[in-house]
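Hi,

Here's the model I said I'd pass along.

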Amino acid sequence: MTYKLYYWPTLQGRGEFVRLVLEAAGQPYTDVARLPAEEGGGAGAILSYRRGEQEGWLPFAPPILVHGEHVLAQMPVICRYVGERHGLAPADEAGRARAQQVLLTVCDITNDAHDLHHPVSVSAYYEEQREAAIRKATSFRAHRLGMWLTWLESALVREGDWMVGHEMSYADLAVMQVLDGLDYALPVAMASHRAGIPALTALRERVRAQEKVAAYLASERRIPFNEHGIFRHYPELDDAPT
Ligand SMILES: N[C@@H](CCC(=O)N[C@@H](CS)C(=O)NCC(=O)O)C(=O)O
């Protein structure tokens with residue numbers, strides 16, 4: 001059974017956390033919406049799930065993973081499912097719960113980062129909410145970014161070389177991805193925190209150096225960050241005065 005991932009074809013977004021787990025696990029998968037429409041791909045493939053035209057469980061939003069009879073939505077659930085099946089999760093129940101906690105915290109950070117550019121409405125363009133975005137980003141850089149990074153760094157230092165347990169898990173992949181995203185979105189603000197997160201910086205390099213992860217990051221399958229995704233770089237959100 002090959003995994004089928006349904007996610008918006010031109011951006012990393014929340015789908016990237018799933019792609020990273022599938023890639024690190026060395027599992028073949030079809031990134032369905034990146035296929036041509038005539039082969040069942042394109043955004044239409046996702047929208048048909050949204051319209052309830054597909055069999056099985058009714059997911060709300062992408063990322064959606066189809067595996068045989070299973071239809072899974074909610075990024076943390078999908079990462080956990082794949083991670084636990086393919087050696088990218090702790091073996092014990094307590095460790096599995098901790099990995100899920102790390103991932104859910106990464107989701108909180110990701111949602112916060114999304115709201116930097118869309119603080120008022122996801123239905124309106126960034127340019128229509130730019131003033132509110134600058135206020136949100138100023139507050140985020142002053143009060144939230146350091147807090148998130150300090151928690152990640154402290155949790156890692158307390159645990160050891162990996163976010164949970166003694167081997168790389170989907171939690172480490174997610175932490176790498178959220179750091180990559182924050183670096184893309186807020187390079188100036190992130191640089192000011194660099195000296196305070198040595199363990200996270202080392203973790204990120206360890207994850208990037210894993211053979212399958214390195215191959216993926218260097219491949220065309222890795223969509224570059226852009227201003228359609230969750231982590232967007234608008235200079236005015238990065239260096240406005242705090
Ligand atoms: N909590 C969900 C959020 C899913 C979500 O918001 N997906 C976005 C793309 S990243 C989407 O396409 N949402 C469609 C909508 O909200 O209408 C998850 O983690 O998977």
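Let's start with arginine 130, which pairs with glutamate 236 in a salt bridge, with 3.2 Å between the closest N and O atoms. That pair ties together distant parts of the chain, 106 residues apart: arginine 130 is in helix α5 (residues 130–159) and glutamate 236 in helix α10. Arginine 130 is partly exposed, at 33% relative accessibility.

Before the rest, some housekeeping. This is a predicted model, so local features need pLDDT of at least 70 and side-chain atom pairs count only at pLDDT 80 or more, while totals for chains, interfaces and linings use all residues. Numbering runs from 1 along each chain as its sequence is written, and side-chain values use heavy atoms, with hydrogens and water left out.

For the terms: a salt bridge here is a side-chain nitrogen of Lys or Arg within 4 Å of a carboxyl oxygen of Asp or Glu. Buried is under 20% relative accessible area, exposed over 50%, partly exposed in between (1.4 Å probe, protein chains only). Helices (H or I, at least four residues) are DSSP runs, numbered from the N terminus.

Arginine 222 also has a salt bridge, to aspartate 180, again with N and O 3.2 Å apart at their closest. Here the arginine sits in the loop between α9 and α10, and aspartate 180 in helix α6 (residues 170–185), 42 residues away. Both arginine 222 and aspartate 180 are buried. They also belong to a network of salt bridges whose members include Glu16, Arg19, Asp183 and Arg208.

Over the whole structure, the search turns up 18 salt bridges.

Cheers

How values were computed
Helices (H or I, at least four residues) and strands (E, at least two) are DSSP runs, numbered from the N terminus.
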